[in-house]
Amino acid sequence: MSDRHIINCHLHLFTLDNVPKDFPSPIVGKLRNKPHLINFLAKMLKGVAPQIERLARMADVGRLGTQEKVLQRVLPHYPDDTQFVILPMDIAPGGYSEAPVGLREQHDILAQLCRDEKYAGRLIPFAALHPAREGAFDEFRRCVEDHGFRGLKLYPKLGYYPYHPVLMDKVYPYCIDNNLPVMTHCSRGGVYGKNAAGVWGEDLGAPHRYIPVMAQFPELRICLAHFGGSDEWEDYVAGIDPLDPDARIVNWVTMIRDMIKSPDYPNLFTDISYTMFDFEENLPYLDIFLKNDALRSRVLFGSDYYMTKQEDLSERAVSMRMRHALGDDLYYQIAHDNVRHWLTGDAT
């Protein structure tokens, strides 16, 4: 493995067996398990309802049946020495039924995959945690101490604030004691809890909700995934009213930028996963953002596979276009140096 290889900080391998059958609703749950019907609808509604086509592409990967088969779909898009941070999901505590294959088994299967000599050193497993799940902290500790997992995955839109007592009292101190980074969802889109749709669900994981966490645990390395999300980038480009004092905290791109540039949050990071699949629109702005020293050192490369199957560009296309546009030095800074810093705490 070369000294400056790619580390994709945001990858999913979970399958539809790890997703509750009633998520996000019983009707959609039934539809995703009927590939012929969903593909027929996608074909009939092509150009009219693109979300159906996107769901069809994503469900095609989710139906592969094993995490290894999902991994084998993404490996050809990257050099042989690429490493991947693997992020499980625990959706059930968001108000849904338990998945056919539950979180503990999902973690165990991932651990077994990491031990497979074919993938030696290539996978960096994180453990998913929903603080409302009974025994959540114990399961997290089991993954770290028994399986060697190397970080924590949070998803507040599933119904909790990032300063939930279980996190503040147990999980974050444990992460600090064991030098474990945190990856957390931070865009208005994505998965949501049954009673956390809309504005309230978005607010659960808004960037400013992490300020109390960082105030109490300044050494905790947190990555706010997606850099706010594509919709927020679009709003940012449309303009931020300089005469409105609240405008900079309404837009998540600006809020995340301001927080990272502040000396108050030295261990705050963000990644560009999924957001960069709106490539032509967002790449020029990323290039400008990275001219700031603080952002250049704390923006991470990630893709969000296989959620990206909803989009037209492939993993390889986005990664190679980004490398071409940014140049090797800057590309490898966000795709290796910064990710390594977030993972280990060692700046290079």
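This is a dialogue on how to read some features of a predicted protein model.

Student: What should I know about the model before I start?

Tutor: This is a predicted model, in which local features need pLDDT of at least 70 and side-chain atom pairs count only at pLDDT 80 or more, while totals for chains, interfaces and linings use all residues. Residues are numbered from 1 along each chain as its sequence is written, and side-chain values use heavy atoms, with hydrogens and water left out.

Student: How many helices and strands does the protein have?

Tutor: Helices (H or I, at least four residues) and strands (E, at least two) are DSSP runs, numbered from the N terminus. Here there are 16 helices and 9 strands.

Student: What share of the residues is buried?

Tutor: A residue is buried under 20% relative accessible area, exposed over 50%, and partly exposed in between, with a 1.4 Å probe and protein chains only. Of the 348 residues in this protein, 53% are buried. Accessible areas come from the Shrake-Rupley method with a 1.4 Å probe, and for residues only the protein chains shown count as cover. The accessible surface of the protein is about 15,200 Å², and carbon and sulfur atoms hold 52% of that.

Student: How do I read contacts in the protein?

Tutor: Contact means heavy atoms within 4.5 Å. Take the contacts between residues at least 6 apart in sequence: 80% of them join residues at least 24 apart. R221 gives a case, placed in the loop between helix 9 (211-216) and strand 7. Setting aside neighbours within four places in sequence, R221 has contacts that include N179, P181, F269 and W342. R221 and P181 are 40 residues apart in sequence, yet their C-alpha atoms are 5.0 Å apart in space.

Student: Is R221 buried or exposed?

Tutor: R221 counts as buried because its relative accessibility is 6%.

Student: How many salt bridges does the structure hold?

Tutor: A salt bridge is a side-chain nitrogen of Lys or Arg within 4 Å of a carboxyl oxygen of Asp or Glu. The structure holds 17 of them. One of them joins R133 and E98, with the closest N and O atoms 3.2 Å apart. R133 is in the loop between strand 4 (127-128) and helix 6 (136-147), and E98 is in the loop between strand 2 (83-86) and helix 5 (103-115), so this pair ties together parts that are 35 residues apart in sequence. R133 counts as partly exposed, at 22% relative accessibility.

Student: Which residue forms a salt bridge with E280?

Tutor: E280 is paired with R321, and the closest N and O atoms are 3.0 Å apart. This pair links distant parts of the chain, 41 residues apart: E280 is in helix 13 (residues 279-289) and R321 is in helix 15 (residues 315-326). E280 is exposed, with a relative accessible area of 56%, whereas R321 counts as partly exposed at 35% relative accessibility.

Student: By how many residues are R142 and E139 separated in helix 6?

Tutor: The side chains of R142 and E139 form a salt bridge at 2.9 Å, N to O. They are 3 residues apart in helix 6, so about one helical turn separates them. Both R142 and E139 are buried. These two also belong to a network of salt bridges that links them with R104 and D108.

Student: Which residues gather in the patch of negative charge on the surface?

Tutor: Patches are made of residues with over 30% relative accessible area and no salt bridge; like charges are joined within 9 Å, and nonpolar side chains (Val, Leu, Ile, Met, Phe, Trp, Tyr) within 5 Å. Lys and Arg count as positive and Asp and Glu as negative, while His and the chain ends are not counted. The place of a charge is taken as NZ of Lys, CZ of Arg, CG of Asp or CD of Glu. In this structure the negative patch consists of D231, E234, D235 and E281. Helix 10 (residues 230-238) gives the largest share, 3 residues. D231, which is in helix 10, counts as exposed at 57% relative accessibility.

Student: Where does H226 lie, and what is its phi?

Tutor: H226 lies in strand 7 (residues 222-228). H226 is not a glycine, yet its phi is positive, about 80°. F227, also found in strand 7, has a positive phi near 50° and is likewise a residue other than glycine. H226 is buried with a relative accessible area of 5%, and F227 is buried with 0%.
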